Structure formats: C-alpha cells, structure tokens
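Me: I'd like to learn how to read packing and contacts in a structure like this one. Can you walk me through it?

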Amino acid sequence: MNPILTGPLAVAGISTILALLISILDKLLNNYGQLDVTINGKKTLNVRGGSPLLGTLAAEGIFVPSACGGRGSCGACKCKVLTDVGPHLPTETPYMSPDEISRNVRLACQVKVRKNLEIELPEELFSVKKFSSRVESIRDLTYDIKEVLLALEGQEIEFQAGQYVQLVVPPYGEVAESVQRAYSMSSRPSDKKHVELLIRLVPGGIATTWVHKYLSQGQQVEVVGAFGEFHIHDTPAAMICVAGGSGMAPFKSMLYHMNETGAFPEKEIWYFFGARSLRDMFYLDEMRELSARWPRFHFVAALSEPKPEDNWTGETGLITDVLDRYLQSKVDAGKGLEGYLCGSPGMINACINVMKKNGMGEDKIYFDKFA
Amino acid sequence: MKLKPADKNAFEKMAPGAITGPGFLGNDIRPPEEIIAEDEQEFARFGLDFGAVADALEALRASGERGLGEPITVGALLVQTGDARGMLPCPWGDGLHHKNAVSVRLKELAEVACVEGEDMLVFSDLSIHLLREHHFCQGRGSPFRLEPELLAKLVGGRLN
C-alpha cells in the first residue's frame, strides 16, 4: 500500500474504533435503567434514567417553566429535590438565594435523574399543558410590536388574566435548537380557544426575531402554559396599573375580563401606559373607547418624547413622572391602592419607588418582571 | 500559533447551542483568535481603547435605562434597553452577566429599520465584559457584534 495513505488510514481506523468504544462504554456506564420520580409524595413517575430532570418531567407531560431550553442560563426551572443528589453545581448557585440552597432547591435542567428521586413542585404545574395551535392572525401594532393570535387545535386553555405561556420556538436560520420564551397572554380567559400574545422585537433576540421575521399566518405553533402568579387581587382597593410596550399584554387581558364579567365591581382601575412617541403607541382607540363606556376605568396614555407632528394633547413625560402627578392629585386612595406593573426591571423598580413615595405599601405592589 | 487551554475552551463555548442558541461567531469563518487579533488592529486604526469603549457602552446602558424600556434620546443617539430572564456566563468562565440587550443608533435613524452591526449597535452586559476583558467583539454576522468602525462612529465622541 502507498505509504502516504497508510498513516491517515491508520489514524482514521483508530479514531473510529475509539469512537465506537466510547459509545459502547457510554451506553453501559450511563445506563441507569428505569427509575422512580416521586412528586409531592403523591405521584410517582417511572422514567428512563440518565437525562436532566427538566426534560424527563416534560416527557411525562409535566412542564416546569424554563426560558433557556435547559442551558442553565435562565434560572427559571427551580424545584425542591428531597433526595441527596450531591452539592449544588456552579451553574446553579448564581440563581439561588442562601435560603433556597439550604432548602435544596435545584435547577431541574442541571439535576440528572441517576437514582430514584423525591421532588416537590407547585401543584399548579400539574394543570400546565402543551397546546398545538395555528397562527390565525399576525399583525403589526407598531413598527416593533406584533399581535399574534393563536387558534388552539382540539384543546381549550384555562387561565387567569395576567398569566403567561411559553412559546416554543423551533430551530430556524442559524438557531439549531428549539427554545422557549415566556409571554403574557393578552387574550380574555373566556376565550378558551385562543391565545393572543404581544411580542416586541428585541435586537438579537432568538424568539422575537423568529416571530417578527419568520412566523406567518397559518403556521403551526406550540405553546405551554398557563404559568404565573400575576393576577387581580379580590379586594376593593383601586388598581394602579403601569406598563409600556408589550407590557400592555396582561393588562389588556385583565381589563377586558373585568369589563366582560363585571368582576371585582368595587375596584376603580387606573391604567398608565407610556411610549416614546405616537409611532410607539398602540391600542389607543380601543383603550379610550373602553374608558368611555366603563366609568370606573381611567386610561392615562403618556408620551415621553412626542414629536411636533404627533399633535399630542395628552400627558407628556416619563410614565413614572405622570404616575407621580396622578397619585398626588387625582387618584382617590379612599379604599386603598394596589400596584400592578409589567415591564423591564428598571421600569418596575422606578414605579415601585414612585408608589412607595406616595404611601403605597410594597406588599400591595404586584408585578410581572421581564427578568 | 498554539492556543492556551483557557482560550481553546472558551472558543469551543462560542459555538451555537453551547452558551447561547446562535453562539458568538455569527457567520464569520475566521477562528476566534484571528477575530480578536484583527479587531485589535481595527481598534488601533480608529484610535479606540477597549476599556474606554466599554466604559462608554456602560454609560449608554445606564442612560438608556432611564427610558424604562422605551427608546430614549441620549445626545445624538437613540438608546433602548431590554431585559430577559436569566444570566449568561462568559465563555472564558470569568463571570456571569444579566441577560439584556441595549440598542444604540443615530437619532435621525429612529424611523428606519436598522441592521444590527451595520447602523445599529446591539450589546449586552456580557458584550461589554467580552470587550473589556478579552478584546472580543464577536464574529461578523452575530447580532451582538461590536463592529469597530461603528463603535468609532457612534461611541467615539463619548470616550474619555
């Protein structure tokens, strides 16, 4: 044989044998067989061992929230593991408080099922389902926010106004793996056959780029839900709602739900919605029409940098400044006040400061933070 | 050139799906060490200093946060900050950074659909760290690529 070929062929042969050997050893050594995962001491799943807990549970129809697809970069998939599975990994500790570490709260994506496990999960996760749907409509609300209406196929969704779903983004373009991202539902709970989402394009964002540049009417989409603790509290206290951009979503759901059902009849509702200029504003006519026919609903739209051609006669300034002015002079605090916020951590923190400054208790401020 | 093990390990983590879905290299076919070396030359050509540019990007992020998620005018620029859930580790393993995205464009381009890396800078806390500590601007085609020429154009006037 030609000696020039002998060397490369020998290397290729040895590499193939080694790869086969590794593959066989992996199958032998990492074969954990069938194992039991017991949840809340009540429900036991018999699962194939060896995979991360997050995916193992999902395969059994139990969906723990996760925004990063199991890469350990969102910190969302927390669950309590009662069985000793070793110390917390360096990939887990950044997301854990000392209290959570002491209670053995773990990231389900980082814990592998290598023995029988006992875990604790919030009961409400048992009602979370995966839904198949088709895009019924997709339209531009602004240049960077789309309204996506999904028609569920063969299933109905039960949720509270304010909750969110995880949108399953399939591989596309350069993105080789499916990911999930959380979006608040803007649809009404009474419409169990649809899920409506408001999605703002985030530069460089995997999910928002897919929605804005790839998703089209008629396309098949999966969502998982419903999740979340953000909901209307049953008290007579007035609701002070603040949002900007796609933070509109949970409030649209709450407002139309309350208006439709007459729920929480004692509550006055103030809704402060901020945008930079008129081109960033949306649902203005819908919200004004709703406030015109619903006396206890007060809609305050504000532009932070209106343009002359906007001919804006409404409130101006950052939404926190407008909120401050109204809390001092226009909002009746007679029955108490509750804060409802949806937006970036910076926006939420700024609103909390304004609300606290105006005497609102921090324990009465509820929020859906995009972080 | 023989790579240090730490660099080799970091470069492997820049591939799609390791730390982030799209990875850090975009459609750039150059190896990461070449990207870094060529961007260092570009920084020198434009008279930019990595630390000073990182400081300026941090200041822009802080200014953008005043917009509470909406775009806000900062001098001649329009800055918008967005946040996502979770944190991202540096590929070199020297820190975890909050997931966010700050976009910066010229104010007069507010009405135009800008392209990341061409007429709009997009960066995160991790991008600032990669620039400051590792002189890594990311590969061409990555939405978070900090193109030296665009940095010079948008941030050059803000350097101390």
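Predicted model: local features only at pLDDT ≥ 70, side-chain atom pairs only at ≥ 80, totals over all residues.

Me: Let's start with helices. At what angle do helix 7 and helix 8 of chain A pack, and how far apart are their axes?

Reply: The general idea is that two packed helices get described by an angle between their axes and a distance between the axes. Here, helix 7 (residues 319-329) and helix 8 (residues 345-357) of chain A have axes 10 Å apart, at an angle of about 15°. Helix 7 of chain A and helix 8 of chain A are therefore roughly parallel. The crossing of helix 7 of chain A past helix 8 of chain A is right-handed.

Me: Which residues make that contact?

Reply: From helix 7 of chain A you have Thr320(A), Leu323(A), Asp324(A), Leu327(A) and Gln328(A), and from helix 8 of chain A come Ala350(A), Cys351(A), Val354(A), Met355(A) and Lys357(A). Sorted by class, the contact of helix 7 with helix 8 of chain A has six nonpolar, two polar and two charged residues.

Me: Now chain B. Are helix 3 and helix 4 of chain B roughly parallel or roughly antiparallel?

Reply: Look at the angle again: helix 3 (residues 50-65) and helix 4 (residues 125-134) of chain B cross at roughly 165°, and their axes come within 8 Å. That makes helix 3 of chain B roughly antiparallel to helix 4 of chain B. Helix 3 of chain B passes helix 4 of chain B in a left-handed crossing. On the helix 3 side of chain B, the residues in contact include Phe50(B), Val53(B), Leu57(B) and Arg61(B), and those they meet in helix 4 of chain B include Ile128(B) and Leu131(B). By class, this contact of helix 3 with helix 4 of chain B has six nonpolar, one polar and five charged residues.

Me: And what about helix 5 and helix 6 of chain A: which way does their crossing go?

Reply: Helix 5 of chain A passes helix 6 of chain A in a left-handed crossing. Helix 5 (residues 248-261) and helix 6 (residues 284-292) of chain A pack at about 30°, with axes 12 Å apart. They are therefore roughly parallel to each other. Met248(A), Leu255(A), Tyr256(A) and Asn259(A) of helix 5 of chain A meet Glu286(A), Met287(A) and Leu290(A) of helix 6 of chain A.

Me: How do I read the interface? What area is buried between chain A and chain B?

Reply: In general, the size of an interface is often given as the accessible area lost when the parts come together. For chain A and chain B that area is about 2,700 Å², with carbon and sulfur atoms giving 54%. Arg71(A), Pro203(A) and Arg276(A) supply 20% of what chain A buries against chain B, more than any other three residues. In all, the contact takes 38 residues from chain A and 36 residues from chain B.

Me: Which parts does the salt bridge of Lys42(A) and Glu123(A) tie together?

Reply: Those side chains meet at 2.8 Å, N to O. Lys42(A) sits in the loop between strand 1 and strand 2 of chain A, and Glu123(A) in the loop between strand 5 and strand 6 of chain A, so the pair ties together parts 81 residues apart in sequence.

Me: Last one, the backbone. Where is the cis peptide bond?

Reply: Go from Gly225(A) to Ala226(A): that bond is cis, with omega near 0°. Ala226(A) is in strand 11 (residues 220-227) of chain A. Also check Leu68(B), a residue other than glycine with a positive phi, near 55°. Leu68(B) lies in the loop between helix 3 and strand 1 of chain B.

Terms used:
Residues numbered from 1 in each chain as written. Chains lettered and ligands numbered in written order. Heavy atoms only, no water. Axes fitted to C-alpha atoms, helices over the stretch in contact; angles between N-to-C directions. Helix = DSSP H or I, 4+ residues; strand = E, 2+ residues; numbered from the N terminus. Parallel < 35°, antiparallel > 145°, perpendicular 65-115°, else oblique. Left-handed = near helix turned anticlockwise from the far one by under 90°. Contact = heavy atoms within 4.5 Å. Nonpolar A, V, L, I, M, F, W, Y, C, P; charged D, E, K, R; others polar. Buried area = accessible area lost by both parts, 1.4 Å probe. Salt bridge = Lys/Arg side-chain N within 4 Å of Asp/Glu carboxyl O.
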